Amino acid sequence: MNQVKKIFIIDDEESFLDIFSRFLKREGFAVFTFSKQQEALLRAPEEKPDLILSDVHMTGMSGIDVFRYFKRDDSGAHPKFFFLTSMTQDASGTMLDDAYAQNIGADGYINKSEELSAIVAKIKAALAPGA
C-alpha cells in the first residue's frame, strides 16, 4: 500500500504557506504548515514528516537553525530537508543553492520563484523510493 507522504512547510509568510500547501495537497501530499518554527519542532515527533521545506530567513530561528535541529534529532526520524527561499545569498554573501544545501547536509534548495510544477517534480524525486 502506498502511504501518503507528509510534508512540513515552515515559513513566516502566511500567503506563501497557503499557496504552496494548496498546490501540494492537490498533488496528493499531506501538508502541514507552520508560521512559527517552534510549532513545527513540537509537531514533528508526532507527525514524522517525510520532507521539510523551510524558509531560510525568518524571525526567530533561521531555516539553517531549523535544519540543524532536525539534523541532530536523536529520535531516528531524519526527514528530507530542503531550504525554500527567494534568497540567492545569505547575509555573508554566500550563494544559496543546491551545492550549499548539500554541503551542510541538507537535501537541496528550492527557489520560491521556480515554477510550481518544477518544485513538485523536485519534491517527488526526493520522496521516490530509493531516493
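Residues are numbered from 1 along each chain as its sequence is written, and side-chain values use heavy atoms, with hydrogens and water left out. Local features in this predicted model need pLDDT of at least 70, side-chain atom pairs count only at pLDDT 80 or more, and totals for chains, interfaces and linings use all residues.

Visitor: Which pattern does the chain follow along the sequence?
Guide: The chain has five helices and five strands. Helices (H or I, at least four residues) and strands (E, at least two) are DSSP runs, numbered from the N terminus. Read along the sequence, the pattern is β-α-β-α-β-α-β-α-β-α.

Visitor: What is the mean pLDDT of the chain?
Guide: pLDDT is the predictor's confidence in each residue, from 0 to 100. Confidence is lowest in helix H4 (residues 98-103), at a mean of 80, and highest in E2, at 97. In the chain, 87% of residues reach 70 or more, and the mean pLDDT is 86.

Visitor: What is the strand order of the open sheet?
Guide: Two strands pair if DSSP finds at least two bridges between them. Here five strands pair in parallel, in the order E2-E1-E3-E4-E5.

Visitor: Which strands stand at the edges?
Guide: An edge strand here has a single partner, so one side is left without a neighbour in the sheet. E4 (residues 80-85) and E5 pair in the parallel sense over four bridges. The edge strands are E2 and E5.

Visitor: At what angle does H5 run to E5?
Guide: Axes are lines fitted to C-alpha atoms, for helices over the stretch in contact, and angles run from 0 to 180 degrees between N-to-C directions. H5 lies across E1, E3, E4 and E5. Its angle to E5 is about 160°.

Visitor: Which strands does H1 lie across?
Guide: Helix H1 covers residues 14-26 and runs at about 170° to E2. The strands it lies across are E1, E2, E3 (51-54) and E4.

Visitor: Is Met61 buried or exposed?
Guide: Met61 lies in the loop between E3 and H3. Not counting residues up to four places away in sequence, Met61 touches Gln37, Gln38, Leu41 and Val66. Its relative accessibility is 19%, so Met61 counts as buried.

Visitor: Which side chain makes a polar contact with the side chain of Lys112?
Guide: Lys112 is in the loop between E5 (108-111) and H5 (116-127), and counts as buried at 14% relative accessibility. A polar contact is a pair of N or O atoms within 3.5 Å; within protein, one must be able to donate a hydrogen and the other to accept it, and residues adjacent in sequence count only if both atoms are side-chain atoms. At 2.6 Å, the partner is Asp11.

Technical notes:
Buried means under 20% relative accessible area, exposed over 50%, partly exposed in between (1.4 Å probe, protein chains only). Contact means heavy atoms within 4.5 Å.
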